[in-house]
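Biologist: I'd like to learn how to read the inside of a model like this one. Can we go through it together?

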Amino acid sequence: MKKIEAIIRKTKFEEVKEALLDADIEWFSYYDVRGIGKSRQGRIYRGVVYDTSSIERILISIVVRDKNAEKTVAAIIQAAHTGEIGDGRIFVIPIEEAVRIRTGERGDIALYNAEQEK
């Protein structure tokens, strides 16, 4: 199993969500986060300088079976890509174990219902 964490632009969240659903990833968590990126210049809007060093993003957290990891990463890249600085990052982290609290099931089956096996 893998945990995939993606930090993406807020403006790309709906596109990424739809791409994940199209890739049969039906469960994930997301959070509003703030971070500091490489770009430190100020932006001028209507004569006012805004500090852009602290940026708002969305953190998406997904745990998938190993066989679904690459298609999940590909879906995020395809939907979140703009080609500009600040598109975000994706981290793929190995997961040792998953346990469904309600039934005590362990491993891959704890992620999905057996009748949904694909």
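This is a predicted model: local features need pLDDT of at least 70, side-chain atom pairs count only at pLDDT 80 or more; totals for chains, interfaces and linings use all residues.

Biologist: Which residues is R57 in contact with, leaving aside its neighbours within four places in sequence?

Modeller: I7, I8, R9 and K10, then Y31, D32 and V33, plus G86.

Biologist: What is the nearest side chain of opposite charge to R57, and how far away is it?

Modeller: That's D87, at 7.2 Å. A salt bridge needs the two charged groups within 4 Å, and R57, though buried, has none. Its side chain does reach the backbone oxygen of G86, at 3.1 Å.

Biologist: How about the nonpolar residues?

Modeller: In soluble globular proteins, nonpolar side chains tend to be buried together. Here the largest nonpolar core has 21 residues, and I8, V16, L20, I60, I62, V64 and I76 have the most contacts inside it. β1 (2-9), α1 (13-22), β5 and α2 (66-80) each supply at least two of its residues, with α2 giving the most, six.

Biologist: Which residues of α1 are buried?

Modeller: F13, V16, A19 and L20. They cover an arc of only 125 degrees around the axis, so they sit on the same side of α1. The general idea is that an α-helix has 3.6 residues a turn, so residues three or four places apart point the same way.

Biologist: What do the buried residues of α1 pack against?

Modeller: β1, β2 (29-36), β5 and α2. Take V16: beyond its sequence neighbours within four places, V16 is in contact with I8, I60, I76, A79 and A80.

Note on methods. Residues are numbered from 1 along each chain as its sequence is written. Side-chain values use heavy atoms; hydrogens and water are left out. Buried means under 20% relative accessible area, exposed over 50%, partly exposed in between (1.4 Å probe, protein chains only). Lys and Arg count as positive and Asp and Glu as negative; His and the chain ends are not counted. A polar contact is a pair of N or O atoms within 3.5 Å; within protein, one must be able to donate a hydrogen and the other to accept it, and residues adjacent in sequence count only if both atoms are side-chain atoms. Contact means heavy atoms within 4.5 Å. A nonpolar core is a set of buried Ala, Val, Leu, Ile, Met, Phe, Trp, Tyr and Cys residues joined through side-chain atoms within 4.5 Å. Helices (H or I, at least four residues) and strands (E, at least two) are DSSP runs, numbered from the N terminus. The arc is that of the directions from the helix axis to the C-beta atoms.
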